[in-house]
2 protein chains.
Amino acid sequence: MSVTYPKGFRAGSVAAGLAARGGVDLTVVVNDGPTFDAAAVFTSNRAKAHPIRWSMAAIDDRQAKAIVLNSGGANCFTGPEGFALTHRSAEHTAETLSVVEGFDVSASDVLVCSTGLIGEPLPAGAVIQGIEVAISHLDDSPEAGKQSAQAIMTTDTVVKTVEKERDGWRIGAMAKGAGMLAPGLATMLVVITTDAKVDGDTADAALRAATAASVDRLDSDGCMSTNDQVTLMVSGASGVAPESSTFEDLLLEVCVDLAQQLQRDAEGASHDITIEVIGAASEADAVAVGRAVARSNLFKAAIFGGDPNWGRILAAMGTAEADFVVDATDVSINGVRVASAGMPDQPRSAVDLSPRETHILIDLKAGGHSASIWTNDLTHDYVHENSAYSS
Amino acid sequence: MSVTYPKGFRAGSVAAGLAARGGVDLTVVVNDGPTFDAAAVFTSNRAKAHPIRWSMAAIDDRQAKAIVLNSGGANCFTGPEGFALTHRSAEHTAETLSVVEGFDVSASDVLVCSTGLIGEPLPAGAVIQGIEVAISHLDDSPEAGKQSAQAIMTTDTVVKTVEKERDGWRIGAMAKGAGMLAPGLATMLVVITTDAKVDGDTADAALRAATAASVDRLDSDGCMSTNDQVTLMVSGASGVAPESSTFEDLLLEVCVDLAQQLQRDAEGASHDITIEVIGAASEADAVAVGRAVARSNLFKAAIFGGDPNWGRILAAMGTAEADFVVDATDVSINGVRVASAGMPDQPRSAVDLSPRETHILIDLKAGGHSASIWTNDLTHDYVHENSAYSS
């Protein structure tokens, strides 16, 4: 399923020997058209991996015919050889598709994504050979789509895919990401495919709007990746042209679904925390306050320990750049209002933090805007996974 | 020693039953003059505890004759009764000093500091009675100074004091702080006393400069307190008037010493990490880059795990607002240059991370400015202490 769910897309994967976990670790997704519109959003980290720099240039014309992704190495801080390998990967994908498939495709039609350890070179021979084998496996079957999603996994414990259908057209998607989940984007690789007939401008605007209100609001550990990329590829193969608003709505649904799958599989987490900020003077204020709370290690450790320590929530709120009066605010944890107007309300003991789903409701009493930020708790397992795993 | 080390200061402490750990938990420090100049810097968190709000107003005239501090409760988000208790504490300290000691002192000459759990009211009776007992214990002995430092401890495992002498005048200091160590300030209570003859303007400027280059560069866990206050009280009792630059230098030494004591006792830490940023276009840039690295949970967990994961350092640097090219920078860990010009240099295996002292050297290659940020690693014990301890 995943990226092969809409018409017009095939995927091929291979165990190229890149990822220490074994199994498939390189995948190529091809858009068979008839349209080749594409859009992508990238990490806002200034430290950008080579594949990000390549893809940013390659997407400039809003067209992409293929994307090649690998796990097992981020190809970041690997010097000129690293960039050369990214470039060669795109060229070799284009050449192989031209020769084997008779495609009219050049290197600049091929996007590249990498994920894994930063600062270690990828084995060039294995990547180039892997691309050939992956292309020989290209297939539009559900199994090919699933394999493609498997190939991009790093510390992910489950495959992340979404399939949605509306009146004759579809969106399919795959994602990877379990650590370094923070905005700009949520440190992930995502490929979304659709067979709807939408033009490049609509696709681009819809992707920006959908990611801003979904993966950009996921802040698992405050760390921003060097390799984030969310790509939307449009085949138009269904022949159906939905209203832009309908397309935008379904794309947002897909992105929210992916963000929540990423949150549920965040490294070492034992609670999935939704920080819902209401009564804000602006949506940006609501996001700023939610993010400040989501970044507080003390708050996150308290939730892990089952301690409804609302003082740490208010203390974190006080660090946010937003228009509100801390002493006017209310805070509820899992439905129990523990603080009203900056003072104790219901007793902490009334809060049940045993469910994995955790809901923090903050009312800023400063206006009519709202936003939710998704995060996780800070656990022993988070520390363990990130002290033991070089990624 | 600590605050009673310079001439003109007495301290008295009491076990008022505020702190669950038992022992002394409330202390009064009195300046016997002949001068009563004072300066203070406060948390920049918008969520300010009642004692902070009181002290900010009381220090407005740059004069203070006494300071009362308690552990066992932050008196933050405790409503109007909380502020009333802070106000009453200052009034009662002034009244008792007037009656018992014949002091000419009003409530606005008394600063107040509290530390402990946020959102729980302090027992007013115990605080007010404690103030009377503490004042009855006022003494200029080294032991009285040490007890005063003990009274403000929360999760601190050691007493933090500094004593420095120059040509006939002294500076003494005490500090508490083990969690919520982050800038603006480093989530701590500090009282610094001196018998040097320095005027209010000099004291104020020297304190701001010294804290900006010391405790403000300590960022243990990225969390900003609601109750931070660093107070300097000047008795002038030595009769010696040092050059302002000499006074500033010694005050900075004291503040750096305190900051390093706080770092070494940070909750659950197993490494004391100095992030030294050189070659910056400005000192502010160096601070911004150092802070971005100090805030990366992934970097801090890697150091805990003995993993010299320099990719996480460069990834964190890329999120800083500063003028440099990530690909031009060098990174050394404990003397081994692991990255040069954004590429791998010496092997990771050459780095020894077994010592507690950890030195990260980042050369931005963008100018002649530098700064160091002090932080700690992210450990199982940090998570444990902050999930189990409501503070």
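Which residues does Ala269(A) touch, not counting residues up to four places away in sequence? Select Ala269(A) together with Arg356(A), Asn376(A), Asp377(A) and Thr379(A): those are the residues in contact with Ala269(A), where contact means heavy atoms within 4.5 Å. Before going on, note that this is a predicted model, in which local features need pLDDT of at least 70 and side-chain atom pairs count only at pLDDT 80 or more, while totals for chains, interfaces and linings use all residues. Residues are numbered from 1 along each chain as its sequence is written, chains are lettered from A and ligands numbered from 1 in the order in which they are written, and side-chain values use heavy atoms, with hydrogens and water left out.

**Stop 1: around Ala269(A)**

Stay on Ala269(A), which sits in the loop between helix 6 (244-264) and strand 10 (272-280) of chain A; helices (H or I, at least four residues) and strands (E, at least two) are DSSP runs, numbered from the N terminus. Ala269(A) counts as buried because its relative accessibility is 15%, and buried means under 20% relative accessible area (exposed is over 50%, partly exposed in between; 1.4 Å probe, protein chains only).

**Stop 2**

Colour 2-264 as domain 1 and 272-388 as domain 2 of chain A; the bounds come from an automatic or database domain assignment. Their C-alpha centres are 33 Å apart. At the interface, 16 residues of domain 1 are in contact with 16 residues of domain 2. About 1400 Å² is buried between them, 41% of it from carbon and sulfur atoms; that is the accessible area (1.4 Å probe) that two parts lose on being put together, summed over both.

Next, pick Glu283(A) and Arg217(A). They form a salt bridge, with the closest N and O atoms 2.5 Å apart; the rule wants a side-chain nitrogen of Lys or Arg within 4 Å of a carboxyl oxygen of Asp or Glu. The count between the two domains is one salt bridge.

**Stop 3: strand 2 of chain B**

Jump to residues 26-31 of chain B, where six of six residues are buried. Leu26(B), Val28(B) and Val30(B) cover one side, and Thr27(B), Val29(B) and Asn31(B) the other. In a regular strand, side chains alternate between the two faces of the sheet.

Show the neighbours too. Strand 1 (residues 9-14) runs antiparallel to strand 2 and is joined to it by six bridges (strands pair if DSSP finds at least two bridges between them), with Ser13(B) opposite Thr27(B). Strand 4 (residues 66-70) also pairs with strand 2 in the antiparallel sense, over five bridges; look there for Ala66(B), the bridge partner of Val30(B).
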